[in-house]
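Hello,

I am handing over the structure below, with notes on what was found in it. Please read the notes with the model open.

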Amino acid sequence: MIIRVIKEGRMKVLLINGSPKGKNSNTIKLANKFVEGLVEERQGAGEDVVVDVLDVSSLNIGACRGCFCCWKSTPGKCVIRDDMPSVLQKQKDADVIVWSFPLYYFNVPGSLKNLIDRQLPMSLPFMSDDSNSTGSGSHPTRYDMGGKRYVLVSTCGFYSASKNYDSVTEMFGHFLGKGNFETIFCGQGELFRVKELSGRTDQYLEVVKKAGREFAGGTISGETHAQLEELLYPREQFEKMADASWGVDRETGGKESEDLIFTRQMATLYNKNAWDGKDRVLEMNYTDLGKSYQILLNRDGSKVVTDGSLEPTTTISTPFDVWVSISQGKIGGAEALGKKLYTVNGDFSLMMNWNKFFGQSEESRTKQGDSSGQNSGAREKKPSMTTLLIPWITFWVAVSINPGVGSVITMSVCALVPLLMWSCKLVIWDVLSIALVSVMAGAVKLWGHAELVTNAGYLVFGLLWLFSCLTKEPLCASYIKHNYGGEAAHKNLLFMKTNYILAFAWGILYVLTAVWTFFLNRAGMGKSLVVVNNVIPLAMGAFTAWFSKWYPAHMASGK
Ligand SMILES: Cc1cc2nc3c(=O)[nH]c(=O)nc-3n(C[C@H](O)[C@H](O)[C@H](O)COP(=O)(O)O)c2cc1C
């Protein structure tokens with residue numbers, strides 16, 4: 001006789017953590033995210049959800065003795081007195097059971113296998129032809145477990161889950177019914193505990209959460225499954241990272257120091273596709289430890305050299321702890337540099353492009369951005385300085401050539417700028433420029449005095465730059481901060497200082513332009529302005545390009 005399980009009117013999720021590491025499990029991070037997605041989705045639909053977590057490592061579950069008492073003398077009850085009865089009860093009560101476990105020798109860990117062996121009281125002893133399409137023969141279930149949904153979540157240590165889970169899938173196929181469960185199997189599982197790599201692993205966890213949401217509403221989509229099967233890192237890079245993480249010298253077998261292990265792991269993050277034709281040697285000089293390591297970065301990858309035999313192209317001098325904090329994301333690299341917590345000497349281009357060399361590859365970021373469903377759809381618009389300049393340049397050129405027609409052209413261009421620059425984001429300085437230039441062009445149209453008003457335009461343009469120096473974001477920073485982490489750039493003192501100096505310089509230049517234009521016009525030397533007022537901004541542009549590279553490098557060198 002099958003005993004029917006009576007349910008209350010809310011969804012019950014049972015999460016079985018089968019890792020011997022308990023809370024410190026890599027896999028449970030994935031399982032938790034899955035459940036989080038599931039719960040959010042159901043609660044969003046107005047359903048009450050209860051989640052019960054069973055930590056196998058903290059339960060007392062003995063091994064099955066094979067006495068068959070649960071079938072013969074005490075039907076449905078095991079003779080072993082331990083925590084198993086409540087585990088079985090929770091299984092009976094649950095609507096969704098998530099099995100979370102690491103892969104151990106291509107199967108589940110022994111403790112979880114004990115729990116599975118102890119499922120015998122859940123079956124009746126008779127032979128059944130209902131063999132879950134496995135063709136192996138089976139036993140009928142003692143309880144009505146119909147309608148329950150199952151998910152297997154697991155991580156393993158090899159680079160890929162592919163081919164590693166054949167016995168797991170077979171075993172659960174017999175146990176829960178072939179095809180009667182969803183799976184999330186992930187290789188490179190040990191990376192989930194590495195804080196330095198959380199940028200990448202968090203992206204993966206977001207996909208797992210998406211899977212949870214989809215599962216709550218039906219099944220995990222093929223697209224999400226494909227994303228879940230993507231490797232965290234390419235095989236070669238992962239295997240280098242994994243080898244370096246043990247901190248054991250390959251040749252001598254001896255234990256390596258913490259700083260050398262860390263440096264080796266950092267080197268494995270080097271993205272050789274970012275190689276720009278220039279071999280680099282990054283010297284890490286740990287000032288508090290009095291130790292230096294060199295990392296050769298070339299087209300084939302990276303290599304740590306411990307004997308100081310290479311000529312460094314970039315030297316970072318830092319206390320070891322500071323560099324660890326930066327790589328764990330506890331403090332931003334640029335912020336720490338601005339606070340002079342470390343110094344950089346030599347080729348600064350490595351620092352300016354750090355994410356390209358040591359972050360996730362652009363390709364994988366794009367893939368993951370799309371895959372987590374976050375960046376899909378329209379790409380975020382970025383501001384462009386062209387939007388700011390179009391009204392001003394049109395005004396100065398068109399009004400100088402023909403004040404009447406020029407002012408009308410300027411007002412029309414101002415009205416059209418948002419349309420012309422539709423692919424760019426408008427920032428406050430664009431809006432102000434459009435408004436100010438429209439007013440000045442209108443003044444020329446109504447009042448005349450084109451020469452005076454164009455000259456006033458230089459003054460207003462200069463004051464706009466200077467005014468921005470009084471705000472929390474100098475004008476030029478608004479247009480390029482997206483290349484420096486967006487809002488995070490505000491914490492980048494080098495970036496902010498560079499931009500304040502440049503905004504101030506451009507402001508002064510245009511105020512002076514207004515002054516000399518006024519006097520040269522009065523002195524009847526207006527013709528020379530064609531040269532002066534074009535050559536000087538060009539020279540200033542060249543200075544800006546040079547200064548924005550030189551100044552951060554100079555400051556970073558601690559000089
Ligand atoms: C005893 C043992 C056996 C393992 N067997 C395998 C294996 O067969 N295949 C594999 O890819 N990883 C294997 N691993 C690695 C674990 O699956 C991997 O470290 C996993 O991420 C640990 O997950 P957890 O932190 O949730 O326990 C094994 C680890 C241990 C300790």
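Cys67 has a relative accessibility of 32%, so it counts as partly exposed (between 20% and 50% relative accessible area; buried is under 20%, exposed over 50%, with a 1.4 Å probe and protein chains only). This is a predicted model, in which local features need pLDDT of at least 70 and side-chain atom pairs pLDDT 80 or more, while totals for chains, interfaces and linings use all residues. Residues are numbered from 1 along each chain as its sequence is written, and side-chain values use heavy atoms, leaving out hydrogens and water.

Cysteines. There are 0 disulfides in the structure, a disulfide being a pair of cysteine sulfur atoms within 2.5 Å. Cys67 is in none; its nearest cysteine sulfur belongs to Cys69, 3.5 Å away. Cys186 is buried, at 3% relative accessible area. Its sulfur lies 7.5 Å from the closest cysteine sulfur, that of Cys156, which is too far for a bond.

Ligand. The ligand is surrounded by 18 residues, each with a heavy atom within 4 Å of it. Ser19, Ser25, Thr27, Leu103 and Glu190 are the closest. This shell has 7 nonpolar, 8 polar and 3 charged residues. The side chain of Ser19 has an N or O atom 2.6 Å from a ligand oxygen. For the side chain of Thr155, the distance from an N or O atom to a ligand oxygen is 2.8 Å. Gly157 places a backbone N or O atom 2.9 Å from a ligand nitrogen. On its own the ligand has 650 Å² of accessible area (Shrake-Rupley method, 1.4 Å probe), and the protein covers 79% of that.

Regards

Note on methods:
Polar contact = N/O pair within 3.5 Å; in protein donor to acceptor, adjacent residues only side chain to side chain. Nonpolar A, V, L, I, M, F, W, Y, C, P; charged D, E, K, R; others polar.
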